[in-house]
Amino acid sequence: MQSALPEHTSTPANDAVRAPVAVAHPLSSEDQARADLYALAAHLLLAPPGEVLLGQLAAADPILSEGGDPGLERAWEKLVLASGVVDAQAVAEEFDRLFVSDGTPTLNPYGSLYLSGFMNDAPLAELRGDLARFGIGRVRGVAEFEDHLGALCETMRVLVAGAPGIRRQPLAEQKAFFEARIAPWYARCLDDIRRAEGANFYRVVTDFVGALLEIEAAGFAVDDGYDD
């Protein structure tokens, strides 16, 4: 997987989780690409992109599937094209309509809701146990819970790449976390976003996030090894 992201997009809106020691050895190019893509997915799901990020996306190089599944390559191309024509204010208003409300938002992309039918239920408590084991905790004062799909993408970024105070995790740990905390519900969540009234730019975003997570799921299904 070849990433075309600008360098600074590897530090997304990591507001919903705290990634409190630098990684002792360099990442492979593939893992760096994975971390960068997770970073972008987290950013787009947690907050609307501003003019700067939209401009960077619009100018980004293609992602090359290199003979593999072309789903991410195609979804990335659509995201790049959409970023070049959309207005940042319009995207911000769309984000607010979909995800922000004084009452109940149109969409609530939280794992606990999808897994148990209730917000802040047992799946969130179980997730917090996993995060504590990795040394990851919610930042005080942040509105989003740790089982927000964007926060989970940020957690995957940390598991792949590490962060200050957190060692990157072996592939087996990444796989176990992904399969327990993301795989059972992400497709339903993204489909709800895609079908939501008023979704426009975020339909393109869901295609990108979905393609990324599908590739990850397929990779975890066939690769149980890890070279540290």
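Colleague: What makes F177 and R181 count as being in contact with D130, leaving aside its neighbours within four places in sequence?

Modeller: Contact means heavy atoms within 4.5 Å. F177 and R181 are in contact with D130 in that sense, once the neighbours within four places in sequence are left aside. This is a predicted model, where local features need pLDDT of at least 70, side-chain atom pairs count only at pLDDT 80 or more, and totals for chains, interfaces and linings use all residues. Side-chain values use heavy atoms, without hydrogens and water, and residues are numbered from 1 along each chain as its sequence is written.

Colleague: Why is D130 called buried?

Modeller: Buried means under 20% relative accessible area, exposed means over 50%, and partly exposed lies in between (1.4 Å probe, protein chains only). D130 has a relative accessible area of 15%, so D130 is buried. You will find D130 in helix α6; helices (H or I, at least four residues) are DSSP runs, numbered from the N terminus.

Colleague: And why does N120 count as partly exposed?

Modeller: Its relative accessibility is 44%, so N120 falls in the partly exposed class. Look for N120 in the loop between α5 (111-116) and α6 (122-134).

Colleague: How many helices does the whole chain have, and how much of the chain is buried?

Modeller: The chain has 10 helices and zero strands. Of its 228 residues, 46% count as buried.

Definitions and conventions. Helix = DSSP H or I, 4+ residues; strand = E, 2+ residues; numbered from the N terminus.
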